[in-house]
Amino acid sequence: MLLSEDPATLIHHTINNFNIQPDKLAVSRIGESLSTLQQARDLRMREVESSLKKLSRQLNTLSSQHAELTASHSSSGHASKIATLDTRKFRTAKAASDAEMEAERLAQQAADLAARLQELDLQGVQGDEAARRRDVVDDEILLRLKVYRSLGIDIERDEKDGEWTRAVVRNDRKGDVHVVNMDKKFSRYFYANYFWQTL
């Protein structure tokens, strides 16, 4: 009896009996999922390619900068510049040392000339003749001044009252110069001890 039916009807009944609608829906959902995954994968690939291109441009830029720096900075040129600066530094230090020594020499010469001038002032306008007529006190003072000068100490008087008010103590070994303002409230022994300690 089945064979007597129309083949189209038979096929239709067979399809209905299989009930493939759920399978078709599952296949449709799988297709949609595959499409969504493919879109996400394509988007991710575009992002990765964009990042890769950006990094490639940065690499090219940095490589170019590195090449320029390497070309402009030679090790031999750097060493030569350092040597030149060292030489200049040495010459500057030597010139400063020479200038300091010359300043000390000139300071000593100025002190000697000041002492000579003070000695001539003590002799007066008449020169040696008047110097021979000085009394014993003046000779004693002059002798003390010479002793002080030989030790590197210059003592100055106040022009108003003639009191000893200032002393310049030089220590050639240390290269020190001390200026002492002498006050009457301290004794001579105090200043003598101070001078010896400075020398």
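A residue counts as buried when its relative accessible area is under 20%, as exposed when it is over 50%, and as partly exposed in between (1.4 Å probe, protein chains only). This tour uses these words throughout.

The model is predicted, so local features need pLDDT of at least 70 and side-chain atom pairs count only at pLDDT 80 or more, while totals for chains, interfaces and linings use all residues. Residues are numbered from 1 along each chain as its sequence is written, and side-chain values use heavy atoms, with hydrogens and water left out.

**The whole chain**

Begin with the whole protein chain in a cartoon view. Its secondary structure comes to six helices and three strands; helices (H or I, at least four residues) and strands (E, at least two) are DSSP runs, numbered from the N terminus. Along the sequence the elements follow the pattern α-α-α-α-α-β-β-β-α. Of the 199 residues, 11% count as buried. The accessible surface of the chain is about 16,900 Å², and 58% of that area belongs to carbon and sulfur atoms. Such areas come from the Shrake-Rupley method with a 1.4 Å probe; for residues, only the protein chains shown count as cover.

Phe 18 counts as exposed, because its relative accessibility is 61%.

Select Arg 44 and Glu 47 next. Their side chains meet in a salt bridge (3.6 Å, N to O), a term for a side-chain nitrogen of Lys or Arg within 4 Å of a carboxyl oxygen of Asp or Glu. Side chains of opposite charge can pair when their charged atoms come close. Arg 44 and Glu 47 are three residues apart in helix α2 (residues 21–72), and so are separated by about one helical turn. Arg 44 is exposed at 53%, whereas Glu 47 is partly exposed at 40%.

An unreviewed UniProt entry annotates residues 45–72 and 96–123 as "coiled-coil region". UniProt positions are given in the numbering used here, feature names are shortened, and annotations may be inferred rather than shown by experiment.

**Helix α3 and two further pairs**

Move to Lys 94 and Asp 98, whose side chains meet in a salt bridge (3.1 Å, N to O). Both lie in helix α3 (residues 75–123), four residues apart, about one turn of the helix. Asp 98 is partly exposed at 36%, and Lys 94 is partly exposed at 45%.

Then select Glu 102 and Arg 105, which form a salt bridge at 2.5 Å, N to O. They too lie in helix α3, three residues apart. Glu 102 is partly exposed at 36%, as is Arg 105 at 44%. The count of salt bridges comes to three.

**The nonpolar core**

Finish with Ile 153, Ile 155, Ala 167, Val 169, Val 180 and Tyr 191, the six residues of the largest nonpolar core. Such a core is a set of buried Ala, Val, Leu, Ile, Met, Phe, Trp, Tyr and Cys residues joined through side-chain atoms within 4.5 Å. Strands β1 (153–157) and β2 (164–171) each give two or more residues to this core.
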